[in-house]
Amino acid sequence: MVSSIQKVSVIGLLICAFALSGCNNSKKEATDNSSDVPKDSPVIVITDEQPAYVAEKTENIPGNVTENGEVTEGDEVTESGEETKNGDVTETSESDASERSEVKGFIAIDAGHQARGNSGKEPLGPGSSEMKTKVSGGATGVETGVHEYELNLQVALKLRDELESRGYQVLMIREDNNVDISNSERAQMANEAGVDALIRIHANGSDNRSVKGAMTICQTSKNPYNGELYKESRRLSEEVLNAFVAATGAKKEKIWETDTMTGINWCQTPVTIIEMGYMSNPDEDRLMATEEYRMKMARGIADGIDAYMNTGSGED
């Protein structure tokens, strides 16, 4: 017969064997479940007990941590947003990009002359030995007494507002009458800004009071300083003059091609001078002094710029 001590021993051995078997199965299941995890993979544990630990470990990771501890890529930027420092994408860049794409062009406006002329001399063009007066005060209305520099600035400011309302970026060479900017300096300001075109606003004068009408001015094709810009400057002059006449009803004079203008010769961008009318003609002088006609002149010039920018270079 088996003694009581022997029975107890056998039962104890059976219990131990069963326990060992369970432990081995647990180890095997754990091993099987971790077979897809690379041995050298970092493990990020997220629990409610370790918020400080998680923040410390993830603050420099350029992405987001998911619930299973994986790190998403944070360096991709979608077309509709901008990436922030933590990898999130804002939704403002799409509208910003849209605003930038709506800019029609970059136009410089030079309101001709200034309150006080500068009788100093400057080269007619880059490297020229011929010298010309830096800048004059301009003409004066025979009926109104309005100074040309005042008229030019008032129209230029209206043109600026009109162009900006149409989606252009505008560089104003001057916004005040009390400046001292020579003609070559005005051109160089436009050059340095990288504008698409320079529009120089002027009014005309003549010893013959009966002469009236509008004209534009550009360089000749043989200009020694920027003859390569002749074709574009000529086209700009044509578009501006045609649109100006259409908007104002002014008499169309001509496009004057000349290489005697310092402010044109120094340009490295398409350029035109618009002579809006004759301040020496009583009727035209009074007309250009009215706000209504000044607005028409500004819109006409803007229409010409639109036509120029929308038709391209016109090259074959």
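Guide: With strands: here a strand is a DSSP run of E of at least two residues, and strands are numbered from the N terminus. M276 lies in one such run, strand β8. Keep in mind that the model is predicted.

Visitor: Is M276 buried or exposed?

Guide: Buried means under 20% relative accessible area. M276 has 0% relative accessibility, so M276 counts as buried.

Visitor: What does M276 touch beyond the residues up to four places away in sequence?

Guide: Its contacts include L151, N152, V155, I201, H202, F244, M288 and M297. As for chain distance, T216 is 60 residues from M276 along the chain, and their C-alpha atoms are separated by 8.4 Å.

Visitor: How are the strands arranged in the sheet?

Guide: Strands of a sheet pair through backbone hydrogen bonds, either parallel or antiparallel. In this model six strands form an open sheet with mixed pairing, in the order β4-β1-β5-β8-β6-β7. β4 and β7 (252-257) are the edge strands, each pairing on one side only. On average, neighbouring strands are turned by 20° against each other, direction ignored.

Visitor: In which sense do β1 and β4 pair, and over how many bridges?

Guide: The pairing of β1 and β4 is parallel, over four bridges. I109 stands opposite M172 in β4.

Visitor: Which helices lie against these strands?

Guide: α5 (residues 183-193) lies across β1, β4 and β5, and runs at about 165° to β1. α6 packs on the sheet as well, where α6 touches β5, β6, β7 and β8. The direction of α6 makes about 170° with that of β6.

Visitor: Which residues of the largest nonpolar core touch the most other members?

Guide: That core has 37 residues, and I109, L151, L163, I201, M276 and I301 touch the most other members. Among the elements that each supply at least two residues are β1 (106-111), α4 (148-165), β5 (197-204), β8 (271-278) and α9 (291-310). α9 gives the most, with seven residues. Leaving aside neighbours within four places in sequence, I201 is in contact with residues including I109, V155, L159, I274, M276 and I301. A second, separate core of 15 residues includes F106, I217, I264 and I273.

Visitor: How should I read a helix such as α4?

Guide: An α-helix has 3.6 residues a turn, so residues three or four places apart point the same way. In α4, the buried residues include E148, L151, N152, V155, A156, L159 and L163. What covers the buried residues of α4 includes β1, β4, β5, β8, α8 (282-288) and α9. The 18 residues of α4 reach 26 Å from first C-alpha to last, close to the 26 Å expected at 1.5 Å a residue. Just after α4, G167 takes a positive phi of about 100°.

Technical notes
Residues numbered from 1 in each chain as written. Predicted model: local features only at pLDDT ≥ 70, side-chain atom pairs only at ≥ 80, totals over all residues. Heavy atoms only, no water. Core = buried A, V, L, I, M, F, W, Y, C linked by side-chain atoms within 4.5 Å. Buried < 20%, exposed > 50% of the residue type's maximum accessible area, 1.4 Å probe, protein only. Contact = heavy atoms within 4.5 Å. Pairing = 2+ DSSP bridges. Axes fitted to C-alpha atoms, helices over the stretch in contact; angles between N-to-C directions. Expected span 1.5 Å × (residues − 1).
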